[in-house]
Amino acid sequence: MKIKFPTPRRVGEVQGDPLQSRKCYVEAVRKGQKKNVDDALNQVPPSKKGKMPEGEDSEETETSAKVQPAEELLNIEIIPGNPNKTTRIGSHLGEEAKKEITLCLQRNVDIFAWTPQDLEGIDPQIITHHLNIDPSYKPVKQKKRHFGPEKDKIIQVEVNKLMAVGHIEKI
């Protein structure tokens, strides 16, 4: 993973280690729980680790490796009266902390992107998706994937949304 961020003189870059990121995330989410972080890390899906231990089912391993929230979450409306624009915060927070976080989120509602149209105007100096492809290689047409009629409709709707706002284009 690579993150770009603005600095006073140029664009800074930080490159992370996915395994270390996962370890940090698991540790943060499971803080206070009895489950050992190393046990969770040993359950990385086989596609990420290489060979799978004998006798284990890949579906079981992937399911058991999912990290669950450490506590129950509470839905809050970022824009009061609009149930479509919500986020979640920890339910074990004190009333004062809940109120303070909610007010902070409501004051900064402009930083949330609710639709693809809200993402317009992001400076390419901050973030850009780039495929590292050698131009000397000839493109290879891949086999068309079939998802079924229901999923195809959903995919087409999402692709049309992204094309309408100019985030992707047909080549």
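Isoleucine 127 sits in the loop between helix 5 (95-107) and helix 6 (149-164); helices here are DSSP runs of H or I with at least four residues, strands are runs of E with at least two, and both are numbered from the N terminus. The model is a predicted one, where local features need pLDDT of at least 70, side-chain atom pairs count only at pLDDT 80 or more, and totals for chains, interfaces and linings use all residues. Residues are numbered from 1 along each chain as its sequence is written, and side-chain values use heavy atoms, with hydrogens and water left out.

With a relative accessibility of 57%, isoleucine 127 counts as exposed (buried means under 20% relative accessible area, exposed over 50%, and partly exposed in between, with a 1.4 Å probe and protein chains only). Together with Leu119, Ile122 and Ile126, Ile127 makes a nonpolar surface patch of about 350 Å². Patch members have over 30% relative accessible area and no salt bridge, with like charges joined within 9 Å and nonpolar side chains (Val, Leu, Ile, Met, Phe, Trp, Tyr) within 5 Å. A salt bridge, in turn, is a side-chain nitrogen of Lys or Arg within 4 Å of a carboxyl oxygen of Asp or Glu.

Now for the chain as a whole. Six helices and four strands make up its secondary structure, and from the N terminus the order reads β-β-α-α-α-α-β-β-α-α. Of the 171 residues, 13% are buried. The accessible surface comes to about 15200 Å², and carbon and sulfur atoms own 53% of that; such areas come from the Shrake-Rupley method with a 1.4 Å probe, and for residues only the protein chains shown count as cover.

Lysine 98 is part of helix 5. At a relative accessible area of 14%, lysine 98 is buried. Leaving aside residues up to four places away in sequence, lysine 98 touches Leu74, Ile89, Gly90, Ser91 and Leu93, a contact being heavy atoms within 4.5 Å.

As for helix 6, its 16 residues reach 22 Å from first C-alpha to last, close to the 22 Å expected at 1.5 Å a residue; the expected span is 1.5 Å times one less than the number of residues. Just after helix 6 comes glycine 166, with a positive phi of about 85 degrees.
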